[in-house]
Every structure is written in C-alpha cells, then in structure tokens.
Amino acid sequence: MSTEGIVRGYDFMDASSIDEHVICAICAHPFIDPVVTPCDHTFCKTCIKSWFDKKSECYLCRKGGLSMKALRPANHCMMNILDKILVRCLACEDENIRRGDFADHLENHCLYHPQKCSASDLKCPWVGLRNQAKSHHSACVFETLRPAFEDILTRLHTIEKENKSLRSENNDLKEELMTLEREFNELEGVIKNNEEHGHSRRTGKNVSKSKKSSDYAPELRDKHHHMFTSDDDKDETTRNINTHLPATHEVNVNIY
C-alpha cells in the first residue's frame, strides 16, 4: 500500500498490469486529471503545475516557454482507460471498484468513509461513519427543526425577493425624480431668461424716451432763462431811465 493510495482513499488492485502509457512520468502513478503539453506529453494536472512553478519547460523534452494556459485536456480514450482501472477502497476494503466510480462508492456505499450529517446544510457539525449516521439522524436536533428552518428560509427568500423588487422600484423613482428636477431647472432657466429679456426691452424704451425728452431740455431751459432774463433787463432799463430823467412837475394849463 502506497502513501499516495492513502491520500487518494484507494489503492490499485494490480498496479503492474496498468498500461505504461497512462502513467505520469512525474508521480509514477496513473494520471489524475491528465493534461497534454504542446509537445504532446501527458502529465497529471497537479504534477505539471508543481513543475511549472519551478521551471517553465516540459518535464520530459525540456521545451521551454510553457505555462498552464498552453495545456489541453487529455482525449476521451485516455479518460476511459483510466476510469476502468480497478481499485480497492482503503476504508471498507471493498475490491474491484472502477476508479471512475470510486467517488460514488465513498458517497453512497462505503460504511467507514467519514461523512457529514444530512442536516449539515442547517449547520449541524456532526461528522462520523456511515454506519453511525442512522442513529445520529434519529437524534439530530437540527434535523428535527428542519421544517421550521425551511419555513423561515422560505419566508426570508420571499422577503429578499420583495426587497429586491422594492430596490428596483426605488431606483426607478430616483431616476424619474432626477428627470423631473432636470426638466424643472430647464423651465426655471427659460422663465428667468424671458423675464430678463422682457425687462431689458422695457428698460430700453424708457431710456429712449428719456433721451428724446432730454434733447429738448436744454432748449427749454435756455428759452425759459432768456424769457426771464429779458423781463429782468426790461425792468432794469426802466429803472435806469426813470433815475436819469428830470423830475416832472405838474403844470396846470388854463385853456381859455
């Protein structure tokens, strides 16, 4: 029994009968998840990955510049040969199990393979052997409460679905509000521009009228000043004449 077999959970029934063309050159065991290099050499996926971590070249021919991206999966013929290799379960010691069926054997048939409780989805921490699972299942508190848990989960899913719908509606309303605010700002700007334009036109007319009136203001002031100046001059002239004229005497003339 090899250490590799203990890790895998099985050992080969007859390792010497295995075709050498399905043996990995790195680990010396039948391929697991085989991949092929551009130079047509096949290796286990984990084996060649570990090799590439050291050197970016083929393990066999040393062709350089290789990486995991350059690899391709092995063909179906190779996989069929590997799946038909017979193995022995190290837990229950059942024999002649096809390697391709070994995972199903552990999951559904091996009595000594450690497994989780059927209520592990409800966070039951129990882990034990298959032959112990039945007795645990009958006393598992988590399994007893499964109907209540499932009801709660169903309601939580419903609430989450409703919340998702409400969030979607809320986002739609936010977008609609933003659109309305944008339209309101545009209308407000149009109204403001119209008011400013109307005020400018009214102000322009008043200024024009003011200018026209002011054109006549100097002439009217000059005329008015001239009129008052002329009257004052007349009064002054009259006073001067009266001052220089000799005094008049009243003369009585008798007419016969």
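Biologist: Where is the place of Glu93?

Modeller: This is a predicted model, and in it Glu93 belongs to the loop between β5 and β6. Its phi is near 65°, a positive value in a residue other than glycine. With a relative accessibility of 60%, Glu93 counts as exposed.

Biologist: In which loop does Lys123 lie, and what is its phi near?

Modeller: Lys123 is found in the loop between β7 (115–116) and β8 (127–128). Phi is near 80° at Lys123, a positive value in a residue other than glycine. Lys123 counts as exposed, at 68% relative accessibility.

Biologist: How do the side chains along β5 point?

Modeller: The side chains of β5 alternate.

Biologist: Which strands make up the open sheet with β2 in its order?

Modeller: That open sheet has 3 strands in the order β3-β2-β4, again with antiparallel pairing. Its edge strands are β3 and β4 (72–73), each of which pairs on one side only. β2 and β4 are joined by 2 bridges, and the bridge partner of Val36 in β4 is Arg72. A helix also belongs to this picture: α2 lies across β2 and β3, and runs at about 95° to β3.

Biologist: How should I read a core, and which residues touch the most other members of the largest one?

Modeller: The general idea is that, in soluble globular proteins, nonpolar side chains tend to be buried together. In this structure the largest nonpolar core has 29 residues, and Phe31, Ile48, Cys89 and Phe102 touch the most other members. Several elements each supply at least two residues of this core, including β1 (10–12), α2 (45–52), α3 (76–83), β5 (86–89) and α4 (102–108). The largest share, 4 residues, comes from α2. A second, separate core has 6 residues, among them Ala119, Cys124, Trp126 and Ala133.

Biologist: What does Phe31 touch, beyond residues up to four places away in sequence?

Modeller: Its contacts include Val22, Ile23, Phe43, Met78, Leu82 and Arg99.

Biologist: Is His136 buried or exposed, and with which residues is it in contact?

Modeller: The reading rests on the relative accessible area, and a residue under 20% is taken as buried. His136 has a relative accessible area of 18%, so it is buried. This residue lies in helix α5 (residues 130–139). Leaving aside neighbours within four places in sequence, His136 is in contact with Cys117, Cys124 and Trp126.

Biologist: How many aromatic pairs are there, and how is the geometry of a pair read?

Modeller: The count comes to 4 aromatic pairs. To read one, look at the distance between the ring centres and the angle between the planes; an angle over 60 degrees counts as edge-to-face. Tyr10 and Phe12 form such an edge-to-face pair, at 5.7 Å centre to centre with 80° between the planes. Both Tyr10 and Phe12 are buried. Together with Phe102, Tyr10 and Phe12 form one aromatic cluster.

Biologist: Why is the pair of Phe43 and Tyr59 edge-to-face?

Modeller: Their planes stand at 80° and their ring centres are 6.2 Å apart, so the pair is edge-to-face. Phe43 is in strand β3 and Tyr59 is in the loop between α2 and β4, so this pair ties together parts that are 16 residues apart in sequence. Phe43 is buried, with a relative accessible area of 0%, whereas Tyr59 counts as partly exposed at 26% relative accessibility.

Biologist: Which residue has its charged end over the ring of Tyr59?

Modeller: The residue is Arg62, whose charged end sits over that ring, 5.8 Å from the centre.

Definitions and conventions
Residues are numbered from 1 along each chain as its sequence is written. This is a predicted model: local features need pLDDT of at least 70, side-chain atom pairs count only at pLDDT 80 or more; totals for chains, interfaces and linings use all residues. Side-chain values use heavy atoms; hydrogens and water are left out. A nonpolar core is a set of buried Ala, Val, Leu, Ile, Met, Phe, Trp, Tyr and Cys residues joined through side-chain atoms within 4.5 Å. Buried means under 20% relative accessible area, exposed over 50%, partly exposed in between (1.4 Å probe, protein chains only). Contact means heavy atoms within 4.5 Å. Two strands pair if DSSP finds at least two bridges between them. Axes are lines fitted to C-alpha atoms, for helices over the stretch in contact, and angles run from 0 to 180 degrees between N-to-C directions. Rings of Phe, Tyr and Trp (its six-membered ring) pair if their centres lie within 6.5 Å; planes under 30 degrees apart count as stacked, over 60 as edge-to-face and the rest as tilted. A charge sits over a ring if NZ of Lys or CZ of Arg is within 6 Å of the ring centre and within 35 degrees of the ring normal.
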